[in-house]
Amino acid sequence: MLAAGETLQLHDGQMLDRKQLFAEALRCDPASSLAHVNLGNALAAGETIQLHDGRVVDTKQLCVEAIHHNSNYGTAYFNLAVALAVDETVELHDGRVLNKKQLYVEAIRCFPNDTQAYINLGVELATGETVQL
């Protein structure tokens, strides 16, 4: 994996960094949930990137797109929950509006053995609050 700031020279001489490589993967396969999530992970908080189709997206939008292409991709739900502010919600392509807690529940549904999703969900719950998995 390329480190932050490191670049790779392609056969045509083009120099690409991590973000540009993930964006190139999306150009090759716009439905790749893995490429969406990896590009989102490469962005700093609040950072955006322009994709080949002209759209400017941030980590949250990339995670929503990843979920749209694979609704069982727990990492996308988890990363989206991490990216959301405490009282923030996000609308998915299927019309559902979810908050951090609901996103962690979805991550757990996809990956029932994801320890970190259980921990993060527990941190989000108020004292005495329960959640149905």
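**Charged pairs and a helix contact**

Reply: Lys101 has a relative accessible area of 25%, so this residue is partly exposed. Keep in mind that the model is predicted.

Me: Which residue does Lys101 form a salt bridge with?

Reply: The partner is Glu129, and the closest N and O atoms are 2.8 Å apart. Lys101 belongs to helix α5 (residues 100-110) and Glu129 to the segment after α6 (115-124), so the bridge ties together parts 28 residues apart in sequence.

Me: And Glu129, how exposed is that one?

Reply: Glu129 is partly exposed, at 29% relative accessible area.

Me: Why would such side chains pair at all?

Reply: Opposite charges on side chains can pair when the charged atoms come close.

Me: How many salt bridges does the structure hold?

Reply: There are 8. One of them joins Glu47 to Lys19, with 2.7 Å between the closest N and O atoms. Glu47 sits in the loop between α2 (33-42) and β3 (49-50), while Lys19 is in helix α1 (residues 18-28); these are distant parts of the chain, 28 residues apart.

Me: Why does Glu47 count as partly exposed and not buried?

Reply: Buried means under 20% relative accessible area. Glu47 has 23% relative accessibility, so it counts as partly exposed. Lys19, at 22%, counts as partly exposed too.

Me: What does Lys60 pair with?

Reply: Lys60 meets Glu88 in a salt bridge, 2.9 Å from N to O. Lys60 is in helix α3 (residues 59-69) and Glu88 in the loop between α4 (74-83) and β5 (89-91), so parts 28 residues apart in sequence are tied together. Lys60 has a relative accessible area of 24% and is partly exposed. Glu88 is partly exposed as well, at 25%.

Me: Which residues are linked in a network?

Reply: Asp94, Arg96, Glu106 and Arg109 are linked by salt bridges in a network.

Me: New topic, helices. At what angle do α2 and α3 cross?

Reply: Roughly 165°, with their axes coming within 8 Å. Angles over 145 degrees count as roughly antiparallel, so α2 is roughly antiparallel to α3.

Me: Is the crossing left-handed or right-handed?

Reply: The crossing of α2 and α3 is left-handed.

Me: Which residues meet there?

Reply: From α2 there are Ser33, His36, Val37, Leu39 and Gly40, and from α3 there are Thr59, Leu62, Glu65, Ala66 and His69. By class, the contact of α2 with α3 has 4 nonpolar, 5 polar and 1 charged residues.

How values were computed
Residues are numbered from 1 along each chain as its sequence is written. This is a predicted model: local features need pLDDT of at least 70, side-chain atom pairs count only at pLDDT 80 or more; totals for chains, interfaces and linings use all residues. Side-chain values use heavy atoms; hydrogens and water are left out. A salt bridge is a side-chain nitrogen of Lys or Arg within 4 Å of a carboxyl oxygen of Asp or Glu. Helices (H or I, at least four residues) and strands (E, at least two) are DSSP runs, numbered from the N terminus. Buried means under 20% relative accessible area, exposed over 50%, partly exposed in between (1.4 Å probe, protein chains only). Axes are lines fitted to C-alpha atoms, for helices over the stretch in contact, and angles run from 0 to 180 degrees between N-to-C directions. Angles under 35 degrees count as roughly parallel, over 145 as roughly antiparallel, 65 to 115 as roughly perpendicular and the rest as oblique. A crossing is left-handed if the near helix is turned anticlockwise from the far one by less than a right angle, and right-handed if clockwise. Contact means heavy atoms within 4.5 Å. Ala, Val, Leu, Ile, Met, Phe, Trp, Tyr, Cys and Pro count as nonpolar, Asp, Glu, Lys and Arg as charged, and the others, Gly among them, as polar.
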